[in-house]
Amino acid sequence: MELIDGKKIAADIRTEIAATVVELGKSGARRPHLAAILVGDDPASSIYVGGKEKACKEVGFDGSVYRYPASTTEAELLTAVGFLNNDPDIDGFIVQLPLPAHINAQNVIRAINPAKDVDGFHPVNIGKMTLNLPSYLPATPFGILELLKRSNVETEGKNCVVLGRSNIVGMPISILLARNSKLGNCTVTICHSRTKDIGLVTREADILIAAVGKPHFVTEEMVKPGAVVIDVGIHRIPDPKSKTGNRIVGDVDFENVANKCSMITPVPGGVGPMTITALLLNTLSAFRKDFD
Ligand code: NAP
């Protein structure tokens, strides 16, 4: 079994981005600028946004965070989005999800200028992605494609099973892997909470992508020998043996599944580091106006 080392692949890509920024600087260009809007004080969201700020510094981008209280109204947030849409110094921005319950996230996503939508969640960008047109790709699926590419995983003609159909992971990665493109051409099956006998489906998978949001959901019996397994899940579970009393695991029962597959992503250190890295790649594209 070969481990797909997301930490190393992410570090390699960030080094490449940093070198590009240095080259751009030599030709007199300003630094690419990524902004984030954070509403409320959800601890996980604060950590994610902090990670994005840190990653910007690492590659030489400017990074800004606009913080708003949880009481912010949808109208106020839409005004803030309009402000960033029109700020020529900001190449791309994200609105960190989830938003407080009184704000309709889809209304906010639709208000983002698609040319600055580096999360790739705007319907225009989802539409372009679906039509196989150049566009920003949602960060986690984009990161998964990079992992597969840089690990030399052949996708053409392979059976791929995706567990989960969320707008941010399951749905876009299913579309991407089914597209008629170098990193696609898979035969994709999507499973969700109403799928009957999931094991029957997953045992046919040459490439299995787990994004169900349930710790250790994928067990050894569900995996075809020699499969490539990509684990998107992130969960903190109690672990009395650990100093902190808990540990991070994925949607896959790594210890038992690892022996059975040809390649697998660990958690942590697999898909996670790739997500912010993909956002940086999208920001570089926004700066260069690659998709205008
Ligand atoms: P989500 O929005 O909760 O979606 C979960 C999907 O799994 C849904 O489509 C759901 O089906 C399906 N599902 C739930 N229970 C199931 C079951 N028993 N059998 C089959 N399908 C089932 O989750 P998400 O946002 O896609 O995230 C998935 C996991 O990835 C989470 O652990 C999340 O923390 C992690 N994540 C990690 C990264 C990263 O950077 N590594 C990024 C994003 C998310 P229905 O549609 O029928 O409800």
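Which residues does I230 touch, not counting residues up to four places away in sequence? In this predicted model, local features need pLDDT of at least 70 and side-chain atom pairs count only at pLDDT 80 or more, while totals for chains, interfaces and linings use all residues. Residues are numbered from 1 along each chain as its sequence is written, and side-chain values use heavy atoms, with hydrogens and water left out. With contact taken as heavy atoms within 4.5 Å, I230 touches I4, I144, L148, L208, I209, A210, T265 and V271.

I230 is also among the residues with the most contacts inside the largest nonpolar core, a set of 52 residues. Such a core consists of buried Ala, Val, Leu, Ile, Met, Phe, Trp, Tyr and Cys residues joined through side-chain atoms within 4.5 Å; buried means under 20% relative accessible area, computed with a 1.4 Å probe on protein chains only. Helix α10 (residues 272–288) gives the most to this core, namely eight residues; helices are DSSP runs of H or I with at least four residues, numbered from the N terminus. Because domain 1 (27–113) and domain 2 (139–271) both contribute residues, the core lies between them; the domain bounds come from an automatic or database domain assignment. A second, separate core has 17 residues, including V161, C191, V223 and V257.

A charged residue (Asp, Glu, Lys or Arg) is considered next. E146 lies in helix α6 (residues 139–150) and, at 8% relative accessibility, counts as buried. Leaving aside its neighbours within four places in sequence, E146 is in contact with I13, M274 and L281.

Conventions: Buried < 20%, exposed > 50% of the residue type's maximum accessible area, 1.4 Å probe, protein only. Helix = DSSP H or I, 4+ residues; strand = E, 2+ residues; numbered from the N terminus.
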